[in-house]
Amino acid sequence: MADLVWLIPAFPLAGFLTILLFGRRLGDPKAGYVATAAVFASFVVAASIYFDLLGRPEEERATVVTLFSWVPVGTLQIDLAFLADPLSILMVLFVTFVGGMIHLFAVGYMHGDPKFSKFFLYLNLFVFSMTLLVLGENLLVTFLGWEGVGTCSYFLIAFWHTRESAATAGKKAFVTNRVGDFGVMLAMFLSFQAVGSMSYSVLNESAESGSLAASTATGITLLLLLGAAGKSAQIPLYLWLPDAMEGPTPVSALIHAATMVTGGVFLLTRINPVITVSYDWVPTTIAWVGAITALFAATIALAQNDIKKVLAYSTVSQIGYMVLAVGTGAYVAAIFHMVTHAAFKALLFLGAGSVIHGMHEEQDMRKMGALRAFMPITAATFIVGWLAIAGVPPFSGFFSKDEILLYALADSVPLYVVGIVTAILTAVYMTRQVIMVFFGEARWTSLANAEEAPEVAEGEPPVETHDAHGEFKPHESPPIMLIPLVVLAALAAIGGIINLPGLFGIPSGGTYRLEEWLHPVIEFGEAKISDTWAYDNKYLLVAIAVACSLGGIALAYAIYLKKRLPPWEPTLFAKGWYYDQAVSWFMGNPGRDGFEAVAEFDSKVVDGTVNGVAVAVKETATHASKRQTGYVRQYAGIIGIGVVLLLGWFVVIRGIL
Amino acid sequence: MIAAIEPSWYLLLAALLFGIGAFGLLVRRNPLVMFMCIELMLNAANLTFVALATQLGDINGQTAVFFVMVVAAAEVVVGLGIIVSILRRRPGATADDLAELKG
């Protein structure tokens, strides 16, 4: 069964080609159903491969399926090969399942859009690329998928490209990702130079056997960390993700929350033996990048008013947790959080999409409130997602976040403190969002009327559009959008069962299932914490984590619903610490001057040299060609003179004859 | 009695013929005449071959003449073809008129 792993990318590719050829004929909504079916077909294949691998002994759970030799150049032999092992199959399972749910949601969300079929064309291409990324057996196949998801991300962010901001956001995402991509490329070159291959198995085995030098391993890790920072939106390259919210909401859910942005964490987990044999400061660096990103993004999320911007910064923050986990050697926890995060963040984004849909494309939370009465199912599922991300037991986010914090404390106390502060902030900003959207007083009536009324008063015919003219009333979304919400809410609620901790008297057969499953992949890199203080005081840590999340919720409740405390949302946070402006200023002034200097150098020196040589040759040729008079007699005369001179030279000087 | 013909006479004659041919090629502008001059030079060379072959008793010199004649015949076919087509297109053209490809 595992030999059929190539079917997993094949189905979305087939869906992509079908929509490419017949998309317009299929139209709305059939094209959407075709795309959804393709993704679910991949999920079915992935699930059967999962059960196949499950039935094997642990050490035989990795199968390499080679389709063909892709780049045979001397000693560089790269196959288009897929690796079906516990990590890749787990990734594919949640990518295709969550992706399928989001496809289904999008059928409802994108209904009526003039580019309906094109949207699903890109979505299927995205899922295809994402499966390539996670299934690739070597860095180059992964890189192919890596670039593919980046390209699709660009297409989809700029999907409504007639809107200036969407087009700009698409470009920003693409360019920012290029910075990371160059890191991945250099890492590939370095890998080839060091071990003569780009295959993960060769690279990881050379790290495990100790033949990979620590300096080379450090280089590869840091370059891949740069790539991961670009793709997974970490400091310093996180800038593009909040702007990427210009895309349609299902895109934000699929690409910018659940799947693509986890690519960097996946890649780092994939090469965990290389990270392990790097210098000691390398994992620490990774952990701090993650921790600082988590805290930084959480503070920004605290002061955002756009419903999707809050979730975007929250995503950056949660991925920061995953990177923190990778840095502390908690690969299982990183992947665990990735899976639970995929469920609850996709749920939250789709919930936000449902709200935006119901509010007639309104995204400002200040114009919402009290929506739970109008959209009960959306509200209920959103609340499940909120409890999951805030880390309230027994929802899934609690288990995965707790695991990360445990490993963080085992590594160093400052990392743990940053993690805990971030957890409190997470609870606060998510509670704030839930209250602003679903509770409190309804702010949309007055605002909608105040803004929309003058348009009606100007004597325009009262058009019966879907817009907020006069009698504005939010509505619940259609069932096709609610089904994914309910399914994802169920997953977000119970997702923790895949890796329950050995606490609270949970029978040992049901605990650490994910850890056992991933064991062959992360065996070498996983940190051993069984003799640390943190490990011995797990119950205390759980108590602290629960207290923090409940405390955060209570704090936000007091501020935003009861209004006992004034909200603290400094402009510094709302503006994202002015990081975006700082980068813009830097690139706009000294950066621009630098680039202009380079351009100057290029046009003057480099082009000057090239053009100078060309001009010199041309001038010489012009003069030389003047000798070509076109008179046969002249040529004949010159030949004759030449013959005479040659003969003279032979006879007189060389003395022949 | 007429003196025996010295081998050097043949060579002198050949040199004379070659000189006439070369001179004609340089000073005449009519393509057809220039062509005949070339033939004259070729035959001067042939004469040298034959004279020296006889004098030295080496058959190879005479063999070379056949090669020259074959090549000359082939050259005449191509050369005359070109000249005829040029003159048909531009009657009365001289070699100096055909200087379009000059630098």
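This is a predicted model: local features need pLDDT of at least 70, side-chain atom pairs count only at pLDDT 80 or more; totals for chains, interfaces and linings use all residues.
Figure 1. The axes of helix H2 (residues 31-56) and helix H3 (residues 59-89) of chain B come within 9 Å and cross at roughly 175°. Angles over 145 degrees count as roughly antiparallel, and H2(B) and H3(B) are therefore roughly antiparallel to each other. On the side of H2(B), the contact is made by B:Pro31, B:Leu32, B:Phe35, B:Glu39, B:Leu42, B:Ala45, B:Asn46, B:Phe49, B:Val50, B:Leu52 and B:Ala53. H3(B) contributes B:Ile59, B:Gly61, B:Gln62, B:Ala64, B:Val65, B:Val68, B:Ala72, B:Gly79, B:Ile83 and B:Ile86. Sorted by class, the residues in this contact are 16 nonpolar, four polar and one charged.

**Figure 2. Chain B as a whole.** Chain B contains three helices and zero strands, and its pattern along the sequence reads α-α-α. The radius of gyration of chain B is 17 Å, whereas the globule rule gives 13 Å for 103 residues; the chain is therefore more spread out than a compact globule. A box of roughly 55 × 30 × 25 Å, taken along the principal axes, holds the C-alpha atoms of chain B. Of its 103 residues, 11% count as buried. Among contacts in chain B with a separation of 6 or more, 47% come from residues 24 or more positions apart.

**Figure 3. The contact between chain B and chain A.** Eleven residues from chain B and twelve residues from chain A take part in this contact. Within chain B, helix H1 (residues 7-27) gives the most to the side that touches chain A, with three residues. By class, the residues on this side of chain B are seven nonpolar, one polar and three charged.

**Figure 4. Chain A as a whole.** Chain A has 26 helices and two strands. Along its principal axes, the C-alpha trace of chain A spans about 120 × 75 × 50 Å. Of the 657 residues in chain A, 50% are buried. Considering contacts in chain A between residues at least 6 apart in sequence, 80% join residues at least 24 apart. The domain assignment divides part of the chain into domain 1 (281-452 + 520-575), domain 2 (589-625) and domain 3 (627-657). The centres of domain 2 and domain 3 of chain A, taken over C-alpha atoms, are separated by 42 Å.

Figure 5. Helix H9 (residues 249-258) of chain A is mostly covered, and ten of its ten residues are buried. These residues are A:Thr249, A:Pro250, A:Val251, A:Ser252, A:Ala253, A:Leu254, A:Ile255, A:His256, A:Ala257 and A:Ala258.

**Figure 6. Two cis peptide bonds in chain A.** Most peptide bonds are trans. A:Asp28 and A:Pro29, however, are joined by a cis peptide bond with omega about 5°. A:Pro29 is located in helix H1 (residues 7-54) of chain A. Another cis peptide bond links A:Ile235 to A:Pro236, with omega about 10°. A:Pro236 belongs to the loop between helix H7 (214-231) and H8 of chain A.

**Figure 7. Two residues of chain A with positive phi.** Most residues other than glycine have a negative phi. A:Glu361 is not a glycine, yet its phi is positive, near 65°. This residue lies in the loop between H14 and helix H15 (376-390) of chain A. The loop between helix H23 (571-574) and helix H24 (579-588) of chain A holds A:Tyr578. With 12 other C-beta atoms within 10 Å, A:Tyr578 is exposed.

Definitions and conventions. Residues are numbered from 1 along each chain as its sequence is written. Chains are lettered from A and ligands numbered from 1 in the order in which they are written. A residue is buried if 20 or more other C-beta atoms lie within 10 Å of its own, exposed if 12 or fewer, and partly exposed in between; C-beta atoms are placed from the backbone. Helices (H or I, at least four residues) and strands (E, at least two) are DSSP runs, numbered from the N terminus. Domain bounds come from an automatic or database domain assignment. The radius of gyration is taken over C-alpha atoms; the globule rule is 2.2 Å times the number of residues to the power 0.38. Two residues are in contact if their C-beta atoms, placed from the backbone, lie within 7 Å. Ala, Val, Leu, Ile, Met, Phe, Trp, Tyr, Cys and Pro count as nonpolar, Asp, Glu, Lys and Arg as charged, and the others, Gly among them, as polar. Axes are lines fitted to C-alpha atoms, for helices over the stretch in contact, and angles run from 0 to 180 degrees between N-to-C directions. Angles under 35 degrees count as roughly parallel, over 145 as roughly antiparallel, 65 to 115 as roughly perpendicular and the rest as oblique.
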